[in-house]
Amino acid sequence: MAECKTLAGKTAWVTGSSRGIGRVVAEHLASLGARVALHGTTPTSTRQLGEGESLAAEAKKIARAQGVEVLPVHGDLTDPVVVTRIVGDIRAAFGQIDILVTAAGGDIGHRGVEAPQAGKPEHNDALGISYEDYRVVLDRNFTTCFLSCKEVAPEMMARRAGRIITFGSMSALKGIPQSVIYSAAKAAVQQYTRCLAVQMRPYNVTVNCIAPGDILTARWKASRPVDPALAATGGTLERYGQPIEIAQVVGFVASDAASYLTGQVLRVDGGTQCWPA
């Protein structure tokens, strides 16, 4: 059965979409009819965990499969000058950005994904984490979100239309002894989402946050032990999630069906956390 093109005519920029959840989100939005800007830090970010040859090649692959325009863009989203340049490139190609998905992030320290445990900081607790890792993890998760929203939101306000979808984490909703700065950065994203949502209400722009649970991506599997008992692909919710299960929620939140949904943190975790936020 053909996918319903609920996003036909829309343009979506998905940050951090060269691989992982972001890559699947980008392809899913394309399957719904959206033109997509596919983003990576470098033109070859796709190679870091063997998820593709290049950003350009992945863009062509999605375009062929889904029959929509896909624009590869790259750059460091912690640099406001780079963010402005990327947004300018997207506007030059597509005219405007209707949907912003800030999927860039991850608990990756200053040594990068190639380091042991796919880049998780070696000392990752509240007191042991190095300043270098603290700064990189905070910037990778919160600063990238903040700068992307700051650049794109004003055009949505002017049109009185748009969807902004940020990415938090279930780690931001409980106290944990490890990944402390990652959890704090995602908590900042979640609160920033609420604040931005209130600011955007008069302009008809919705702002929501997706908080994934444990999702089986290449990096997730490379960065921690995987419990085979939770690797089921169906038949139970007592399992790890699949990237497409996150992407499908993003597709709904980006659509007209979610026109009255804003300021929310949506936990997509199979019911791992069933308590008030």
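Me: Axes are lines fitted to C-alpha atoms, for helices over the stretch in contact, and angles between N-to-C directions run from 0 to 180 degrees. At what angle do helix α3 and α4 pack?

Reply: This is a predicted model, in which local features need pLDDT of at least 70 and side-chain atom pairs count only at pLDDT 80 or more, while totals for chains, interfaces and linings use all residues. Residues are numbered from 1 along each chain as its sequence is written, and side-chain values use heavy atoms, with hydrogens and water left out. Helices (H or I, at least four residues) and strands (E, at least two) are DSSP runs, numbered from the N terminus. The axes of helix α3 (residues 80-94) and α4 are 9 Å apart, and the two helices pack at an angle of about 40 degrees.

Me: How many charged residues does the contact of α3 with α4 have?

Reply: Contact means heavy atoms within 4.5 Å, and by that criterion P80, V83, T84, V87 and R91 in α3 meet L147, S148, E151, V152 and E155 in α4. For the classes, Ala, Val, Leu, Ile, Met, Phe, Trp, Tyr, Cys and Pro count as nonpolar, Asp, Glu, Lys and Arg as charged, and the others, Gly among them, as polar. The contact of α3 with α4 has 5 nonpolar and 2 polar residues, and its charged residues number 3.

Me: How far apart are the axes of α4 and α5?

Reply: These two helices pack at an angle of about 15 degrees, and the distance between the axes of α4 and α5 is 8 Å.
That angle makes α4 roughly parallel to α5, and the contact includes C145 and C149 of α4 together with Y182 and Y192 of α5. By class, the contact of α4 with α5 has 17 nonpolar, 1 polar and 2 charged residues, and the axes lie apart by 8 Å.

Me: Is the crossing of α1 and α7 left-handed or right-handed?

Reply: The axes of helix α1 (residues 20-31) and helix α7 (residues 243-254) come within 8 Å and cross at roughly 50 degrees, and the two are therefore oblique to each other. A crossing is left-handed if the near helix is turned anticlockwise from the far one by less than a right angle, and right-handed if clockwise. On that convention the crossing of α1 and α7 is right-handed.

Me: How far is the sulfur of C145 from the closest cysteine sulfur?

Reply: A disulfide is a pair of cysteine sulfur atoms within 2.5 Å, and a search of the whole structure finds 0 of them. The closest cysteine sulfur to that of C145 is in C149, too far for a bond, at 4.2 Å.

Me: Is C149 buried or exposed?

Reply: Buried means under 20% relative accessible area, exposed over 50% and partly exposed in between (1.4 Å probe, protein chains only). C145 has a relative accessible area of 2% and is buried. With a relative accessible area of 1%, C149 is buried.

Me: What relative accessible area does R160 have?

Reply: R160 is found in the loop between α4 (131-159) and β5 (162-167), and although R160 is not a glycine, its phi is positive, at about 55 degrees. R160 is partly exposed, with a relative accessible area of 47%.

Me: Where is the place of S179?

Reply: S179 is not a glycine, yet its phi is positive, at about 50 degrees. At 9% relative accessibility S179 counts as buried, and its place is in the loop between β5 and α5 (180-200).

Definitions and conventions
Parallel < 35°, antiparallel > 145°, perpendicular 65-115°, else oblique.
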